[in-house]
Amino acid sequence: MSLHIAAKPGDIAETALLPGDPLRAQFVAETFLENPVCYTRVRGMLGFTGAYGGRRVSVQGTGMGMPSHAIYVHELINLYGVKRLIRIGTCGAYRKDIPLKSLVLAMSASTDSAMNSRRFQGMSYAPTADFGLLLRAHEEAKRLGLPVFAGNVFSSDTFYDDEPEAWRLWAEYGVLAVEMETAILYTLAAKFGVRALSILTVSDNFPLKAAATHEERQTAFQDMMRIALEIAP
Ligand code: HPA
């Protein structure tokens with residue numbers, strides 16, 4: 001048992017899917033995994049291990065934002081030996097041509113996080129996806145005929161920004177979408193020598209001022225989960 005995860009050594013698979021929402025973790029486990037077992041309920045941040053296509057896979061909620069995400073990622077890697085971490089989440093698109101419900105694969109993540117500015121003493125680090133996972137996710141999305149984009153995302157510390165037009169700076173520099181976790185996921189994966197990828201579905205679009213309905217989010221989320229499970233080796 002680690003501080004935030006009540007699992008025993010060996011309870012967690014080498015591949016872990018990481019939704020922010022613990023109820024999404026439960027949904028993935030109950031919908032897609034064979035014989036899922038819940039290994040933690042600490043703070044309601046549910047985690048499950050089961051099988052998909054005969055391979056062991058875990059799915060662990062991480063909460064929202066980089067400080068929470070980093071706690072789970074750190075413990076999964078360093079205390080439970082997780083080698084592949086695939087975030088499944090939502091994002092807000094910064095371009096008109098990235099429609100609601102499409103997929104964004106985060107090749108890299110810009111951030112305003114104090115976690116990384118402190119870590120790198122004010123210098124700028126470029127958190128980057130594992131290329132093998134990225135390639136396979138892209139191929140899988142194409143095979144399923146799903147609209148998919150790959151590029152830089154913005155991992156923000158703020159959901160409700162004081163300045164509603166602040167996103168335009170990132171859009172001007174080619175950033176595809178905003179979310180709140182990928183920069184720290186890729187930073188920690190690099191530090192500890194494991195593989196990571198963020199697969200995101202577009203839940204809202206900034207320039208179009210549009211948002212997906214609850215039903216649309218559910219369907220798009222299931223496409224994303226399927227891709228994550230297919231590429232989980
Ligand atoms: N901001 C941050 N994360 C998000 C957003 C957003 O607008 N939409 C979906 N995830």
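In which strand does alanine 177 have its place?

View 1. Alanine 177 has its place in strand β8, where helices (H or I, at least four residues) and strands (E, at least two) are DSSP runs numbered from the N terminus. The structure is a predicted model in which local features need pLDDT of at least 70 and side-chain atom pairs count only at pLDDT 80 or more, whereas totals for chains, interfaces and linings use all residues. Residues are numbered from 1 along each chain as its sequence is written, and side-chain values use heavy atoms, with hydrogens and water left out. At a relative accessibility of 0%, alanine 177 counts as buried; buried means under 20% relative accessible area, exposed means over 50%, and partly exposed lies in between, with a 1.4 Å probe and protein chains only. When residues up to four places away in sequence are not counted, alanine 177 touches Cys91, Gly92, Ala93, Tyr94, Asn152, Val153 and Phe154, a contact being heavy atoms within 4.5 Å. The C-alpha atom of alanine 177 is separated by 9.3 Å from that of leucine 200, which is 23 residues apart from it along the chain.

View 2. The largest pocket has a volume of about 960 Å³. On a 1 Å grid over the protein atoms alone, a pocket is an open set of points where a 1.4 Å probe fits, with protein on both sides within 12 Å along at least five of seven lines, and lining residues have an atom within 4 Å of a point. Grid points are joined across faces, edges and corners, and a volume is the space filled by probe spheres set on the points. The lining of this pocket consists of 37 residues, and Phe159, Val178, Glu179, Met180 and Asp204 lie nearest the centre. Two or more lining residues come from each of β5 (84–93), α5 (167–172), β8 (177–179), β9 (195–205) and α7 (214–231), and β5 gives the most, with 6 residues. By class, the lining has 16 nonpolar, 8 polar and 13 charged residues, where Ala, Val, Leu, Ile, Met, Phe, Trp, Tyr, Cys and Pro count as nonpolar, Asp, Glu, Lys and Arg as charged, and the others, Gly among them, as polar.

**View 3. The second largest pocket.** About 180 Å³ of space lies in the second largest pocket, which is lined by 13 residues, with Thr111, Asn116, Met123, Ser124 and Tyr125 nearest its centre. The elements that contribute two or more residues to this lining are β6 (103–111) and α3 (114–119), and β6 gives the most, with 3 residues. The lining of the second largest pocket has 5 nonpolar, 7 polar and 1 charged residues by class.

**View 4. Salt bridges between side chains.** The structure holds 9 salt bridges, each being a side-chain nitrogen of Lys or Arg within 4 Å of a carboxyl oxygen of Asp or Glu. One of them joins the side chains of aspartate 130 and arginine 195, at 3.1 Å from N to O. Aspartate 130 lies in the loop between α3 and α4 (131–143) and arginine 195 in strand β9, so this pair ties together parts that are 65 residues apart in sequence. Within helix α4, glutamate 140 and arginine 143 are 3 residues apart and thus separated by about one helical turn, and their side chains meet in a salt bridge of 2.6 Å, N to O. In this pair, glutamate 140 is buried, with a relative accessible area of 11%, whereas arginine 143 is exposed, with 60%. Arg87, Glu179 and Glu181 are linked in a network of salt bridges.

View 5. In helix α6 (residues 182–192), 8 of the 11 residues are buried, so the helix is largely enclosed by the rest of the structure. Glycine 193 follows α6 and has a positive phi, near 70 degrees.
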